[in-house]
Amino acid sequence: MHRLLLVRYGEIALKGKNRRYFINILQDNIRSCLRDIAGCRLLQLDGRLFVEVRSDDIPACRERLSKIFGIVSVSPVLVAEKSPESIKEAALNAFREKARAGLRFKVETKRVDKGFPLTSPEVSSSVGAWLLQNIPGLVVDVHNPEQLLEIEIREKEAYLFTEKFPGPGGLPVGVSGKALLLISGGIDSPVAGWMTMKRGVTLEALHFHSFPFTGERSLEKVFDLCRILAGWGGSCRLHVAHFTKIQQEILEKTPEKLLVTLLRRMMFRVASRLAERTGALALVTGENLGQVASQTLESLRAIEQVAALPVLRPLIGFDKNEIIAVARRIQTYPVSIRPYEDCCTIFVPQHPETRPGLAAAAEAEAPLDTEGLVNTCLESIETHIMS
Ligand code: ATP
Ligand code: MG
């Protein structure tokens, strides 16, 4: 047997042409996410979006829909003809398996079709009375019900539902263009990436790898993190760049205290060039304002100076525990806390400069062949499609 799932999306903020565009992309994302569930179809009925699915596949389908940005909530629905009798019959079917002695319930009706002969309160009270008559032990409680039965009477049919499962909200991935996430194996950057996707951005990721200073396991973490992110966006391209040469040159030729600033400036240069190639419109990092040397405003400024694109830092207003809460929710946390080495943690200077000046950074970089190093790093990039 097939059932329908009603998919609600955040429509309040959407107007005019944007709305059509938003819905088309949301539909594409839903289709692509459910493509391997046999017999699953997307339908538009009465101005609403539905997924038709075999009863057995409802849990799997719901689970997938809960990770599609733009969806506010999902409800399994029963469809009834628009007559008071059919609605009552459907209400009984919808309620039978929920029923138990003492269950406090309430019926709520929304009448979109104002031509329907009964008003919303009339439908609610007659359906409520019918349920009381036919299922022993139910109790009406309009103030604090344990179980709600919602009825929507629309142009063509009536829809009944008893459950509402939350979606992630946000905007459908793809409506806001593309950005490039600088991803480490840490806790913060995957969360920053997720928050950017939530605003409708298609994400590509760039990781700097310092083989042999950092090993296969640290790379594997980044792959695993990108796979998790891909679960929220359909897929994610991961670009892996070899950073060892840049790191060695910086270690050899520049003052130790500026190491982190200069490493980051090189990352931003490479990322800007890659973004140009892939059509990304912004860079995204997991940077925060904290106590570490690379995360003061002076430091962010010195690093950002070399970026050719806007740099998004979605975590800037978050405390660490807030970041961790999101990381747990999206399931990146257990991967991020696996022990690993990062290219920026292996050679940490004793006394890093916490307030690097722009001129000092540029001067320290002078002995480097910046352009040559960036080009070599770009040539080293290997791209993987994670899904
Ligand atoms: P994270 O938890 O994401 O590692 P963090 O709080 O440890 O962040 P830093 O190590 O200072 O902060 O890194 C700041 C940001 O720089 C990261 O969030 C990430 O966006 C980027 N970054 C750091 N290391 C790398 C790397 N190896 N490859 C790509 N980007 C990186
Ligand atoms: Mg880190």
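**Entry 1. Secondary structure and overall form**

I counted the secondary structure elements and got 13 helices and 15 strands in the protein. I then checked the radius of gyration: at 27 Å it is well over the 21 Å that the globule rule gives for 387 residues, so the protein is more spread out than a compact globule. I note here that the model is predicted.

I took the box along the principal axes next, and the C-alpha atoms fill roughly 85 × 40 × 35 Å. I looked up the burial as well; buried residues are 51% of the 387 in the protein. For contacts with a separation of 6 or more, I found that 80% are between residues 24 or more positions apart.

**Entry 2. Domains**

How is the protein divided? I have domain 1 at 2-166 and domain 2 at 178-386. I looked up their C-alpha centres, which lie 44 Å apart.

**Entry 3. Second largest pocket**

I looked at the second largest pocket and noted a volume of about 390 Å³. Its lining has 17 residues, and I listed those closest to the centre: Cys33, Ala230, Gly231, Gly233 and Gly234.

Which helices each supply at least two residues of this lining? I found helix H1 (16-34) and helix H6 (216-230). H1 gives the largest share of the lining, with 3 residues.

I sorted the lining of the second largest pocket by class and have 6 nonpolar, 6 polar and 5 charged residues. I also checked the lining against the domains: domain 1 and domain 2 each contribute at least three residues.

**Entry 4. Backbone exceptions**

For reference, most residues other than glycine have a negative phi, and most peptide bonds are trans. I looked up the exceptions below against that background.

I found a cis peptide bond between Phe211 and Pro212, with omega at about 0°. I placed Pro212 in the loop that runs between strand E11 (202-209) and H6.

Asp46 is not a glycine, yet I read a positive phi of about 50° for it. I located Asp46 in the loop between strand E2 (41-45) and strand E3 (48-54). Is Asp46 buried or exposed? I have its relative accessible area at 12%, under the 20% cut-off, so Asp46 is buried.

Gln331 also has a positive phi without being a glycine, and I noted about 70°. I found Gln331 in the loop between helix H10 (320-329) and helix H11 (333-336).

**Entry 5. Leu258**

I looked up Leu258 and placed it in the loop between helix H7 (244-253) and helix H8 (259-278). Its relative accessibility is 5%, so I marked Leu258 as buried.

Which residues is Leu258 in contact with, leaving aside its neighbours within four places in sequence? I listed Glu353, Pro356, Ala360, Ala361 and Ala364.

**Entry 6. Ile316**

I found Ile316 in the loop between strand E14 (311-312) and H10. With a relative accessibility of 41%, Ile316 went down as partly exposed.

Leaving aside neighbours within four places in sequence, I have Ile316 in contact with Glu287, Asn288, Leu289 and Leu300. I also took the C-alpha separation of Ile316 and Gly286, which is 8.3 Å for residues 30 apart along the chain.

**Entry 7. His384**

Where is His384 placed? I found His384 in strand E15 (residues 382-386). Its relative accessibility is 24%, so I counted His384 as partly exposed.

I listed the residues that His384 touches, not counting those up to four places away in sequence: Phe223, Cys236, Arg237, Leu238 and Val240. I also looked up the C-alpha atoms of His384 and Val53, which are 331 residues apart along the chain and separated by 32 Å.

Methods: Residues numbered from 1 in each chain as written. Chains lettered and ligands numbered in written order. Predicted model: local features only at pLDDT ≥ 70, side-chain atom pairs only at ≥ 80, totals over all residues. Heavy atoms only, no water. 1 Å grid on protein atoms, 1.4 Å probe; cavity = no way out; pocket = protein on both sides within 12 Å on 5 of 7 lines; lining within 4 Å. Points joined across faces, edges and corners; volume = space filled by probe spheres on them. Helix = DSSP H or I, 4+ residues; strand = E, 2+ residues; numbered from the N terminus. Nonpolar A, V, L, I, M, F, W, Y, C, P; charged D, E, K, R; others polar. Domains from an automatic or database assignment. Rg over C-alpha atoms; globule rule 2.2 N^0.38 Å. Buried < 20%, exposed > 50% of the residue type's maximum accessible area, 1.4 Å probe, protein only. Contact = heavy atoms within 4.5 Å.
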